[in-house]
Amino acid sequence: MTTVALKPATMAQALTRALRDAMTADPTVHVMGEDVGTLGGVFRVTDGLAKEFGEDRVTDTPLAEAGILGTAVGMAMYGLRPVVEMQFDAFAYPAFEQLISHVARMRNRTRGAMPLPITIRVPYGGGIGGVEHHSDSSEAYYIATPGLHVVTPATVADAYGLLRAAIASDDPVVFLEPKRLYWSKDSWNPEEPQSVEPIGRAVVRRTGRSATLITYGPSVPVCMEAAEAATAEGWDLEVVDLRSLVPFDDEKVAASVRRTGRAVVVHESGGFGGPGGEIAARVTERCFHHLEAPVLRVAGFDIPYPPPMLERHHLPGVDRILDAVGRLQWEAEN
Amino acid sequence: MTVMEQRGAYHPTPPPAWQPRTDPAPLLPDERPYRVLGTDSAADADPALLRRLYAELVRGRRYNTQATALTKQGRLAVYPSSTGQEACEVAAALVLEERDWLFPSYRDTLAAVARGLDPVQALTLLRGDWHTGYDPHEHRVAPLCTPLATQLPHAVGLAHAARLKGDDVVALALVGDGGTSEGDFHEALNFAAVWQAPVVFLVQNNGFAISVPLEKQTAAPSLAHKAVGYGMPGRLVDGNDAAAVHQVLTEAVAHARAGGGPTLVEAVTYRIDAHTNADDATRYRVDAEVETWRAHDPIALLERELTERGLIDEAGIQAARDAAEAMAADLRERMNQDPVLDPMDLFAHVYAEPTPQLREQEALLRAELTAEEEGAH
C-alpha cells in the first residue's frame with residue numbers, strides 16, 4: 001500500500017478540483033456566470049476550467065443574475081447540469097424570482113417530470129473587509145424556500161465532497177461558500193479519489209460534555225477556537241458542523257444536545273428570522289427534558305451588514321460565544 | 001462661441017477603433033403591421049394551410065368560449081381567455097416541428113392545445129387540482145408560466161442547450177405587451193442575441209396588461225423596435241391575420257434553425273374578453289373600442305378570404321364548426337367529472353427524496369386523513 005503525503009490545499013483549490021472532476025466525469029455539467037471563463041472567477045474558483053473544457057462548457061455570461069439563472073433553468077430542462085456562479089451573496093438577489101418561482105418549484109409543479117439539477121454557488125458571509133454588498137449572510141432567504149437544498153462547507157475536504165454531491169444531486173442546491181475560508185488550508189490529498197459527502201448530514205467537529213455549539217460555514221472555525229478557549233473556563237464544548245441547512249440533520253444535532261444538555265447556535269446571519277431561531281426551536285422540541293438551560297443564539301446583529309472597519313463588532317467572535325456559554329445557567333448545577 | 005459649442009469642445013471624440021457593432025437598418029421592423037389576408041400576398045398562400053388555419057381558429061374560439069363557460073359552472077378556478085388572439089395562438093403552435101419547444105404563458109393554453117396537448121391537461125393549472133397537468137417533454141410544451149416573462153430566459157437556455165448538443169431544435173416563447181416591461185424580457189433577449197440562440201419571441205400585443213394600456217407601458221415606437229437594441233431583427237405583424245402571423249413566424253423559425261439567431265415578433269391584436277372571468281373590463285375601456293376590433297376578427301378575416309377565393313364552401317365551414325363542437329362536448333364532459341385528488345401528493349415531488357422534515361409532516365397529514373376517515377365511518 002502506497003501512502004500519499006497529504007499536502008496543504010486551500011478551500012478554493014478544493015472547489016476548483018471538484019468542478020473539474022465533475023466536468024470530467026459528466027459531459028452535461030456546464031459552468032456559467034460572470035467572469036468565470038477567461039478570468040477564472042473573482043475568487044479564482046473556476047481557474048483554468050475554460051481553457052480545459054472550452055467556452056461552450058465554461059461560459060462568461062452577460063452581467064445579469066436573473067438571466068444567468070433563468071437560462072440555466074432552460075438548459076437543465078434540456079438535460080444539462082448547470083453550475084451557476086453568483087459572484088457575491090448580495091449580487092444574487094436579482095436572481096431570486098427565478099430561484100423562488102422556478103428553480104425551487106419546477107419538480108413539484110411538474111409532478112417530478114422536470115427536475116432541475118442546478119447548483120448555485122454563492123460566495124457568502126463577511127470577515128474579508130468587503131465594502132457594502134460584499135459580505136451578506138443570505139442563507140435565511142434560501143432556507144425559507146421549499147424545494148431548495150442549502151449546503152455550506154467549513155473544511156477543505158467538505159468543500160470538495162459537498163460540491164461533488166451538490167452537482168450530482170437531481171435537486172437544485174444552493175451551495176454557500178464561506179468567502180473568508182476560501183484561503184483556509186488543510187492537509188488534503190488531491191490525488192486520491194475524494195469522498196462525496198451525502199447532503200444532509202451534520203458532523204461533530206469536536207466532542208465535548210459541557211454544551212453543544214451548533215454552527216455552520218464560516219462560524220465553524222470560530223466555534224472551534226471558542227471551544228479551545230473554553231477549556232480554560234473548565235468547559236468541554238462539543239462543536240456540531242451542520243454542513244447542510246436543508247435538509248437539516250435533526251438526529252445528529254438532538255443526539256449531541258441530549259448528551260450535553262446545553263446548546264448555543266452560532267451564525268453570522270442576523271438573529272431575528274435567522275436560521276438560529278428554527279434550530280433552537282427544533283432542538284427544544286426534541287430535547288426539552290434534557291435541557292438544563294434555554295437554547296441561546298449568537299448571531300450577527302439585526303442590522304444591514306456594516307462597513308468593513310466596523311465588521312469585527314458585528315461578527316460572532318470567540319468572546320461573544322463564550323459569554324453565551326456562560327449564560328447557560330451553570331449555577332443550577334450547584 | 002455659444003455655450004453649447006463650448007460644451008461641445010469638451011466632448012471626447014470617439015477613438016479611431018470605434019465603429020457600429022451592427023448595422024441597425026436590416027433589423028428594423030416594417031412601418032405598418034405586415035398583412036397577407038386581403039392583400040396581393042394572399043394569392044401566394046397555400047390553400048391547404050389556410051384551410052388548416054381556419055379549422056384551428058374555429059376550434060380555438062370554441063375552446064375559449066367553452067373554458068369561459070366552465071368558470072361560470074365552477075369547473076375552472078379562473079380562465080384568462082385568448083378570444084380575439086386565436087390567430088397568434090394557433091400559428092405559434094403550427095409553425096413548430098415536433099422536436100421544437102413552446103414556452104407559453106398562462107393565457108396560452110390554446111397554443112398548447114393547438115400543439116396537440118389534451119385540453120383537460122392544459123387546463124389543470126386553471127382547474128386547480130395541480131400546477132402543470134402534463135409532462136412537458138411529451139409535446140415539448142413548457143409549463144404554463146404565471147410570473148410574467150420569466151419563461152423567456154428558460155426558452156433561451158433550452159434553445160442554447162439544444163444548440164450545444166448539436167440538436168436542430170428551435171424554442172418559441174410567448175409573452176404579452178405587459179411582459180415586455182419586465183426585466184426578464186430584457187435579459188432573455190440580450191442573452192439570446194449574445195448567444196445567437198435559436199429562439200423566437202412572439203409578443204402578443206393585445207392592448208392591455210389587465211387594465212393598463214400600452215401607452216403606460218412603453219414609449220418605444222413599437223414593441224418590435226425593441227429588437228434593434230439587442231441586435232436582432234424585429235418584425236411587426238397583424239396579429240389577427242392568421243396567414244401573416246404564420247408566415248412571419250415560419251420565417252423567424254427558419255432563420256433561427258439555420259443559425260441566424262433570435263427574432264422578436266410583435267403581433268398587434270386585441271384581448272376581446274376581460275383579463276379573466278374575475279375582471280371587469282368596463283372599468284378601463286369602452287365598448288366602442290371592443291367593437292372596432294370585433295370587426296377585425298381573425299376568424300372572419302380568414303373566412304372572407306377563403307370564401308371569396310372559393311377555397312371553402314358552406315359544408316367546409318360547417319365541418320370546422322362540427323369538429324369544434326365535438327371538441328367542446330368532450331371537454332365539457334370530462335371537465336364535469338371531479339378530479340381525483342390525493343392529498344399525499346403534496347409531499348411527493350418537493351425533492352427527489354423527501355427530507356426528514358417533510359417525512360414528519362407527511363406522517364402528520366397521513367394521521368389527520370386517517371382520523372378524518374375514521375370519523376366519517
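## A buried strand in chain A

Five of the five residues of strand β4 (residues 81–85) of chain A are buried, so this strand is largely enclosed by the rest of the structure. Keep in mind as you read that this is a predicted model. Both faces of β4(A) are covered: A:R81, A:V83 and A:E85 are buried on one side, and A:P82 and A:V84 are buried on the other. In a regular strand, side chains alternate between the two faces of the sheet.

Which strands pair with β4(A)? Strand β2 (residues 29–33) of chain A runs parallel to β4(A) and is joined to it by five bridges; within this pairing, A:V31 has A:V83 as its bridge partner.

## Two domains of chain A

The domain assignment divides chain A into domain 1 (7–188) and domain 2 (203–333). The C-alpha centres of these two domains of chain A lie 27 Å apart. Contacts link 26 residues of domain 1 of chain A with 23 residues of domain 2 of chain A.

On the domain 1 side, the elements that give two or more residues are α6 (139–143), β6 (149–151), α7 (156–168) and β7 (173–178) of chain A. The residues of that side comprise twelve nonpolar, nine polar and five charged.

## An open sheet in chain A

Chain A also holds an open sheet of five strands, in the order β9-β11-β10-β13-β14, with mixed pairing. At the edges stand β9 (203–206) and β14 (296–300) of chain A; each has a single partner strand, so one side of each is left without a neighbour in the sheet. On average, and ignoring direction, neighbouring strands of this sheet are turned by 25 degrees against each other.

Within the sheet, strand β10 (residues 211–215) and strand β11 (residues 237–241) of chain A pair in the parallel sense over five bridges. A:I214 has A:V240 of β11(A) as its bridge partner. Helix α10 (residues 275–287) of chain A packs on the sheet, where it touches β10, β13 (263–270) and β14 of chain A. The direction of α10(A) makes about 160 degrees with that of β13(A).

## A buried strand in chain B

Turning to chain B, is strand β2 (residues 171–176) buried or exposed? Six of its six residues are buried, so β2(B) is largely enclosed by the rest of the structure.

Strand β1 (residues 101–103) of chain B runs parallel to β2(B), and three bridges join them; B:F103 stands opposite B:A173. The pairing of β2(B) with strand β3 (residues 199–205) of chain B is parallel too, over six bridges, and places B:V175 opposite B:V203. Between β2(B) and β3(B) the chain passes through helix α9 (residues 183–195) of chain B, making a right-handed β-α-β crossover.

## Where the chains meet

How many residues of chain A are in contact with chain B? There are 35, and they contact 34 residues of chain B. On the chain A side, α3 (65–77), α4 (96–103) and α5 (106–109) of chain A are the elements that give two or more residues. The largest share, nine residues, comes from α3(A). By type, the residues of this side of chain A divide into 16 nonpolar, eleven polar and eight charged.

Notes: Residues numbered from 1 in each chain as written. Chains lettered and ligands numbered in written order. Predicted model: local features only at pLDDT ≥ 70, side-chain atom pairs only at ≥ 80, totals over all residues. Pairing = 2+ DSSP bridges. Helix = DSSP H or I, 4+ residues; strand = E, 2+ residues; numbered from the N terminus. Axes fitted to C-alpha atoms, helices over the stretch in contact; angles between N-to-C directions. Contact = placed C-beta atoms within 7 Å. Buried ≥ 20, exposed ≤ 12 C-beta atoms within 10 Å, placed from the backbone. Right-handed = clockwise from strand over helix to strand, strands pointing away. Nonpolar A, V, L, I, M, F, W, Y, C, P; charged D, E, K, R; others polar. Domains from an automatic or database assignment.
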